Amino acid sequence: MNRRALCAAVLAVACSAAFGRTALHGFLFWDDRAFIAENPLIAHPSAASLLALWTTPLHDLYAPLTYTLWGLLAAVFGPKPWAFHLTNVALHTLNAALVFAVLRRLVTEDDGRAALAGALLFAAHPVQSEAVAWASEAKDLLSALFSLLAIRQYLVFREGENRRAYLWASGAFACALLAKPSAVVAPVLLVILNRGIQRRDWAGSLRGLSPWFVAAAAFTLIAAHVQPAAGLHFVAPVWLRPAIALDALTFYLGKLVLPLHLIPDYGRTSQSVVSSGALAYTWIPAASLLAAGWVLRQKLPWMAAAVALFVAALLPVLGLVPFDFQYYSNVADHYLYLAMIGPALGLAFACARPAPLARRILVPLALASLLASSFLYASHWKDDATLYAHTLAVNPRSFMAHNNLGQMLEEEGRFEDALSHYRAALEADPGGQDALNNIGNVLYKEGRYDEAIRHYADVIGRSSPAEGLTRTAARMHNNLGAAYLKKSLYDGAAIEFQRAMAIDPDYLEPYYNLALVLMAFGRYAEAIPVLRRGLVVNPDHAELRRQLALAMAKSGG
C-alpha cells in the first residue's frame, strides 16, 4: 500500500471510529423532521417535488443540491435515519481526504505525515460532531465537500495552468453554493492561500477568481432575500458588531483549544453578551490572535494564513451582518466545519518543521484524545431525550431544548410534563411563539378547548405585525380553528383555516381542515379548489386525493 492510500485509510478509520455509531441514531425534532422526515418533498420524492426543491427555498434556505441528495436517499432507502446519518459520515470522510490532498499541495516539504496530522485534526476534532451527527447538517458537509474540491482543483490549475482543472474548480464552486450559500467564502480562502502560502501578489492572487466573487455576491443577495433574519429580538447597532464578532471568535477559539461542554444551543445572543458586560473583555483574545497573525505574516506566513482561513470561513456568521440563528445564539459548532481548515493548515506546517521528540509524542496523543472526545459527543446526538437533557445540563435556559423536549413528552402523552418545559421555554424567551403555540396544543389535546381558544386568541391578538406572518402564526390560526370546530363554531373555524393558508401557503393541514368544514355543510364545489391547492403542497397525500374524489362526485364535477 502506498503512502497516500495508507493516509486515506487512516482518515477513514478515524472518521468511522469517531462518528460511525451515528448510523444507529434517529431523526431529531429540531430541523430533521421539518427538512426530511415530515417534508413530503423529501420523504416522498417525485419529479414534481424535485422541481419544487430547485425553484423554491425550503424553510428560508435555498440549498437545492442538498435537498436533491436527500430526495435521492429517500427514493432509494426511504426516509430512514440510518441512510442519512451514514451519508453524513461518508461525506465527512471524503472531506477529510480532500483536506489531506489540499495540505499535501501546500506543505511542500512534507512526506505526507504533516498533512495527515492536519487532516486528522479536521476529521477528529469534537467541534465537528454537530455537523456530522445531525442529519440536517448534510448541508454543511456537502457544501464543504465541493468547496474543498474547488480549492484543490484551483491549486492544480495554478500549478500547471491547467484550464480543465479551472473548469472543474469553477463547477465545484457552483455546486458548493447550491449545497449551501455559506460557500461564498471559498474564493476568499483561495486569495488567502495565494497570498499567504504561495506568496503571490494581489493580481496573481485574484487570478481566475473574479467570476467566483460575482457568483458569491449573487448567492449572498439570494440568501439575504430568502433568510432575512426578521425575527430577532435584538439587532446590535452597526458600531457594536465588530465587538460582537470578536466575542464570537474568542468563543470559537476557546472551543478549539478546550472542546468541553459542546451543545447545539449556547444561548450566547447579542443581547446576553451586551447586558452581561462581557464585551468589555471578551474581544481581547480574538483581537490578540489577529494582531499576532498580522505581525508574524512575514516571518511565519503559514501561521498568519491559518488564522486568516479560520476567521474568513466564519465571516458570514460572526454577527457583522445579522442572521436568523442569532435568535438562539451567535455561535454554533457547525459553523466551524469548513473553518477547521485553518487549524488543520497550521498544524500541518508546524509538524512539517523539525520537531523535538516531545512534539512527535504529544501531537498523536492530542489527536487520539480529540477523537475519543468526538466519539463521546457524537453519542449525545443519539435521540431527542439524550440531546436535550445534555443541552439543559450545560445551558438550563435553552428554550430550544425545552421546546423540543416538551414536544417529545407531548407525543408520549405526558402533557403536564410537556407543559412544564413549554413554560420554562417561555420564561427563558418571553413571548416566544413556539412555546406559546405548544402550550395551546397541549390545552387542546387535554380537551380544554375553551382554554385553548382563549389562549390562542390572546396570543394572536398581542402578536406584532411581523410575528403575525410567521409559520408559527399560521399554525396558531390552524389550531385555533381546530378548537373552534370542537366547540361547533364552524364559521370561526373556517376563517382561521383561511388565515393559516394565507400566511403559509405551504402548510398542508389547514387545506384539509377547511375542506372538511365545507364538505360537512354540502359545499362540495367550494371544497374542490381547496383540496387541489393542498395537493399542490403534497401531491402524494392519499387522504386529500380521497376527499377530492368524493367532493367531485358529490358536486357532479
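**Figure 1. A nonpolar surface patch drawn from helices H5 and H6.** Helix H5 (64-77) and helix H6 (81-106) each supply at least two residues of the nonpolar patch; helices, here and below, are DSSP runs of H or I with at least four residues, numbered from the N terminus. The model is predicted, with local features needing pLDDT of at least 70 and side-chain atom pairs counting only at pLDDT 80 or more, whereas totals for chains, interfaces and linings use all residues. Residues are numbered from 1 along each chain as its sequence is written, and side-chain values use heavy atoms, with hydrogens and water left out. The patch consists of Leu72, Val76, Phe77, Trp82 and Leu86, which together have about 490 Å² of accessible area. Such areas come from the Shrake-Rupley method with a 1.4 Å probe, and for residues only the protein chains shown count as cover. A patch takes residues with over 30% relative accessible area and no salt bridge, joining nonpolar side chains (Val, Leu, Ile, Met, Phe, Trp, Tyr) within 5 Å and like charges within 9 Å. H5 gives the most to the patch, with three residues. Leu86 lies in helix H6 and is partly exposed, because its relative accessibility is 43% (buried means under 20% relative accessible area, exposed over 50%, partly exposed in between, with a 1.4 Å probe and protein chains only).

Figure 2. The structure holds zero disulfides, a disulfide being a pair of cysteine sulfur atoms within 2.5 Å. Cys15 is in no disulfide, and the nearest cysteine sulfur, that of Cys7, is 13 Å away. Cys15 is buried, with a relative accessible area of 0%. Cys351 is likewise in no disulfide; its nearest cysteine sulfur is that of Cys7, 13 Å away. Cys351 is partly exposed, at 25% relative accessible area.

Figure 3. Two cavities of 30 Å³ or more are found in a search of the whole structure. On a 1 Å grid over the protein atoms alone, a cavity is a set of points where a 1.4 Å probe fits but cannot get out, and lining residues have an atom within 4 Å of a point. The largest cavity holds about 70 Å³ of space; a volume is the space filled by probe spheres set on the grid points, which are joined across faces, edges and corners. Its lining includes Pro126, Leu262, Asp333, Tyr377, His380 and Trp381. Helix H8 (129-133) and helix H20 (384-394) each supply at least two of the lining residues.

Figure 4. The structure has 19 salt bridges, each a side-chain nitrogen of Lys or Arg within 4 Å of a carboxyl oxygen of Asp or Glu. In one of them, Lys445 pairs with Glu410, the closest N and O atoms being 2.7 Å apart. The pair links distant parts of the chain, 35 residues apart, with Lys445 in helix H23 (residues 433-445) and Glu410 in helix H21 (residues 399-411). Lys445 is partly exposed at 46% relative accessible area, whereas Glu410 is buried at 7%.

**Figure 5. A salt-bridge network that includes Arg448.** Glu416, Glu446, Arg448 and Glu451 are linked in a network of salt bridges. Glu416 and Arg448 meet at 3.9 Å, N to O. Glu416 belongs to helix H22 (residues 415-428) and Arg448 to the loop between H23 and helix H24 (449-462), so that this pair, 32 residues apart, links distant parts of the chain. Arg448 also forms a salt bridge with Glu451, with the closest N and O atoms 3.0 Å apart. Glu416 is partly exposed at 46% relative accessible area, Arg448 at 26% and Glu451 at 32%.

Definitions and conventions:
1 Å grid on protein atoms, 1.4 Å probe; cavity = no way out; pocket = protein on both sides within 12 Å on 5 of 7 lines; lining within 4 Å.
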